[in-house]
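Visitor: I'd like to look at a protein and ask how you know the things you say about it. Can we go through one together?

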Amino acid sequence: MNWSDTQTSNFIEMYRDRSYLWDSSDVDYKNRNKRHDGLVEIAVSFGIEKVEVVKKIRNLQSQFAREKKKESESRKTGTGADDAYIKTRFIFKIKHSIKYKTLDYV
């Protein structure tokens, strides 16, 4: 499935609304049945399999890690302010809001 920015944004919004899927301090985080049901709900809403939801989540996490690495490497000593990496994907901002548990994004 090719994901548009709107679909990806909706996907992340659904994922973020289910904090038990990503927030280890949530009481239901260790509840496998609840986590399974949450993934299935997302899958059904997009008309895909649960396996595809898990793959998409991993893909977004990898994308976020790559963006973070590019950003930190561009700020190392010896690089000028003009050479600093500028995030190009809106995904980074959304995933950043999930990681730091804030509601403001994009």
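Predicted model: local features only at pLDDT ≥ 70, side-chain atom pairs only at ≥ 80, totals over all residues.

Visitor: What makes the meeting of Glu-13 and Arg-16 a salt bridge?

Guide: The rule asks for a side-chain nitrogen of Lys or Arg within 4 Å of a carboxyl oxygen of Asp or Glu. Arg-16 and Glu-13 have their N and O 3.1 Å apart, so the pair passes the test.

Visitor: And how many salt bridges does that rule give?

Guide: The count comes to 4. Among them is Lys-34 with Asp-28, at 3.7 Å between the closest N and O atoms. Another is Lys-55 with Glu-52, where that distance is 3.8 Å.

Visitor: How are Glu-13 and Arg-16 placed along helix α1?

Guide: They sit 3 residues apart in helix α1 (residues 5-17), which means about one helical turn separates them. Lys-55 and Glu-52 do likewise in helix α3: 3 residues, about one turn. An α-helix has 3.6 residues a turn, so residues three or four places apart point the same way.

Visitor: Is Arg-16 buried or exposed, and how do you know?

Guide: Buried means under 20% relative accessible area. Arg-16 has 11%, so it is buried.

Visitor: Which residues of α1 are buried?

Guide: Thr-8, Ser-9, Phe-11, Ile-12, Met-14, Tyr-15 and Arg-16. Over in α3, the buried ones include Val-53, Ile-57, Leu-60 and Phe-64. For the protein of 106 residues, the buried share is 33%.

Visitor: How do you know that the length of α3 agrees with what a helix should span?

Guide: At 1.5 Å a residue, its 25 residues should span 36 Å, and the end C-alpha atoms are 36 Å apart, which agrees. For α1, with 13 residues, the reach from first to last C-alpha is 18 Å, close to the expected 18 Å.

Visitor: Why is α2 called roughly perpendicular to α3?

Guide: Helix α2 (residues 32-46) and helix α3 (residues 50-74) pack at about 95 degrees, with axes 8 Å apart. Angles from 65 to 115 degrees count as roughly perpendicular, so α2 gets that name relative to α3. On the α2 side, the contact uses His-36, Leu-39, Val-40, Ile-42 and Ala-43, while α3 brings Lys-50, Val-53, Val-54 and Ile-57. By type, the contact residues come to 7 nonpolar, 1 polar and 1 charged.

Visitor: Where does Asp-37 lie?

Guide: In helix α2. Asp-37 is partly exposed, at 43%. From Asp-37 to Lys-50 there are 13 residues in sequence and 9.5 Å in space, C-alpha to C-alpha.

Visitor: One last thing: how many helices and strands does the protein have?

Guide: It has 4 helices and 0 strands, which run α-α-α-α from the N terminus on.

How values were computed: Residues numbered from 1 in each chain as written. Heavy atoms only, no water. Axes fitted to C-alpha atoms, helices over the stretch in contact; angles between N-to-C directions. Helix = DSSP H or I, 4+ residues; strand = E, 2+ residues; numbered from the N terminus. Parallel < 35°, antiparallel > 145°, perpendicular 65-115°, else oblique. Contact = heavy atoms within 4.5 Å. Nonpolar A, V, L, I, M, F, W, Y, C, P; charged D, E, K, R; others polar. Buried < 20%, exposed > 50% of the residue type's maximum accessible area, 1.4 Å probe, protein only. Expected span 1.5 Å × (residues − 1).
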